[in-house]
Amino acid sequence: MENFEPVIVAFCCHYCAYTAADMAGSQRLCYPPNVKIVRVPCSGKVDAIHIMKALEKGADAVYVAGCLEGDCHFKNGNIDAAKRVAYIKKLLDEIGIGGERVEMILMSAGMGERFAQTAADMTEKIRKLGPNPAKSTSMDMASNNL
Amino acid sequence: MITAERKPMEELIECLRPYHRILLVGCNECVTVCSAGGRKEVGILSSALQMAFMKEGKTLEVKEMTLERQCDPEYIEELVNQIDQVEAVMSMACGCGVQEIARRFKAKPVFPAVNTEFMGASERPGVWAERCQGCGDCVLGLTGGVCPIARCSKRLLNGPCGGSTNGKCEVDPDIECAWQLIWDRLKALGLEERYEENIAAKDWRTSRGGGPRKIIREDLVK
């Protein structure tokens, strides 16, 4: 547990969070390498199944990063994404994985600092929370079998 | 469409506890439209079930399949090759689909993943409302296209009752008074005089009063 390094999947909208990540790089801002970015054309493209599969396949947390309210290139993809994230949070609470492992984050393309800070905050939060209970058990089982 | 809602995860996990390999079957018809048991929901539930059991240190193997229709035996046959590889089946279709699987595969336990609710229509994305109770003797032609059986809390054939206030039902202020809707519609159609006619007491034998129903079309029977 002390050496636990969370794997966090961040679905980042091409028009904001992905560009903000780029901005963070240009600004030479450090953020934890735990965050694995998946670029999407709009946060509204991220479906509930993508979030569930990421967690099922071993991610400790997932966040969806979309544009600020009113700034979505596709009108309201970010609002739709936020609703899906809320739905998945409830489902994860129901199965005891914990809804706090999934978040919706809003930012603009210029917010490099916010991107880096979000990545750091999320990594720290999940470090405290511990590994995804589904993953840790299956991995324990795998190591027991060896 | 027939509407449905997923059962609580706790209930689903409990009934699958004795099994290690299951078939999770969705349906491409009504439950897909009401986002309860289509291909997408099958994927999400499969993922959730696997994670729930992984958390307990148990592996649940879930085979996913979504049939065109679970209420037709032709499509149920598509499960033949899969059924022997699993210990149980969980169906995300309405009650008709669950029963068709149970009828075809008598030795296999079948569990419903959804609660089948009502025959309804989409009011707006994500909202479905009851519109028909399948009473077997439609009165919509008399009531301006608004069903007093499905939409009036008391199923009154001559309404409204005293519980109608500002167009809302006394049962719940979110429920629209069906008889207010009927009156508004008849007025819009210029058919106010129809409202004055009493509708005769209904013969409920065409509904569930006559027991389980069956339709037989002689020209189609084989």
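Mentor: Buried area is the accessible area that two parts lose on being put together, summed over both. Keep that in mind as we go through this predicted model.

Trainee: Okay, how much area do chain A and chain B bury between them?

Mentor: The contact draws on 19 residues from chain A and 19 residues from chain B. Of the area they bury, 66% is on carbon and sulfur atoms. The total comes to about 1600 Å².

Trainee: Which three residues supply more of the area that chain A buries than any other three?

Mentor: Look on the chain A side of the contact. One trio there supplies 33% of the area that chain A buries against chain B. Those residues are Glu56(A), Glu94(A) and Ile95(A).

Trainee: And which helix gives the largest share of the side of chain A that touches chain B?

Mentor: Three helices of chain A each supply at least two residues there: H2 (48-56), H3 (77-94) and H5 (133-145). The largest share is six residues, and it comes from H2(A).

Trainee: What about charges across the contact: which residue of chain A forms a salt bridge with Lys40(B)?

Mentor: Between the two chains there are five residue pairs in polar contact, and the count of salt bridges is two. In one of these, the closest N and O atoms are 2.9 Å apart. The partner of Lys40(B) is Asp47(A).

Trainee: How many salt bridges does the whole structure have, over all chains?

Mentor: Side chains of opposite charge can pair when their charged atoms come close. Some of these pairs join up, and Glu5(A), Glu124(A) and Arg127(A) are linked in a network of salt bridges. Over all chains, the search finds 18.

Trainee: Glu103(A) forms a salt bridge with Lys125(A). Is Glu103(A) buried or exposed?

Mentor: The closest N and O atoms of the pair are 2.8 Å apart. The pair links distant parts of the chain, with Glu103(A) in strand S4 and Lys125(A) in helix H4 of chain A, 22 residues apart. Lys125(A) is partly exposed at 31%. The cut-off for buried is under 20%, and Glu103(A) has 18% relative accessibility, so Glu103(A) counts as buried.

Trainee: Now chain B: how far apart are the closest N and O atoms of Glu77(B) and Arg104(B)?

Mentor: Glu77(B) is in the loop between helices H4 and H5 of chain B, while Arg104(B) is in helix H6 of chain B, 27 residues apart. Glu77(B) is partly exposed, with a relative accessible area of 37%, and Arg104(B) is partly exposed too, at 36%. Their closest N and O atoms are apart by 2.4 Å.

Trainee: Lys154(B) and Glu170(B) meet in a salt bridge as well. Is Glu170(B) buried or exposed?

Mentor: Their N to O distance is 3.6 Å. Lys154(B) lies in the loop between helix H7 and strand S8 of chain B and Glu170(B) in the loop between S8 and strand S9, so the pair ties together parts 16 residues apart in sequence. Lys154(B) is partly exposed at 47%. Exposed needs over 50%, and with a relative accessible area of 52%, Glu170(B) is exposed.

Trainee: Last one: which strands stand at the edges of the open sheet in chain B?

Mentor: The sheet has four strands in the order S3-S2-S4-S5, with parallel pairing. An edge strand has a single partner strand, so one side of each is left without a neighbour in the sheet. S2(B), for instance, pairs with S3(B) over seven bridges, and Ile22(B) stands opposite Val62(B). The edge strands are S3 (61-67) and S5 (110-112) of chain B.

Terms used
Residues numbered from 1 in each chain as written. Chains lettered and ligands numbered in written order. Predicted model: local features only at pLDDT ≥ 70, side-chain atom pairs only at ≥ 80, totals over all residues. Heavy atoms only, no water. Pairing = 2+ DSSP bridges. Salt bridge = Lys/Arg side-chain N within 4 Å of Asp/Glu carboxyl O. Buried < 20%, exposed > 50% of the residue type's maximum accessible area, 1.4 Å probe, protein only. Contact = heavy atoms within 4.5 Å. Buried area = accessible area lost by both parts, 1.4 Å probe. Polar contact = N/O pair within 3.5 Å; in protein donor to acceptor, adjacent residues only side chain to side chain.
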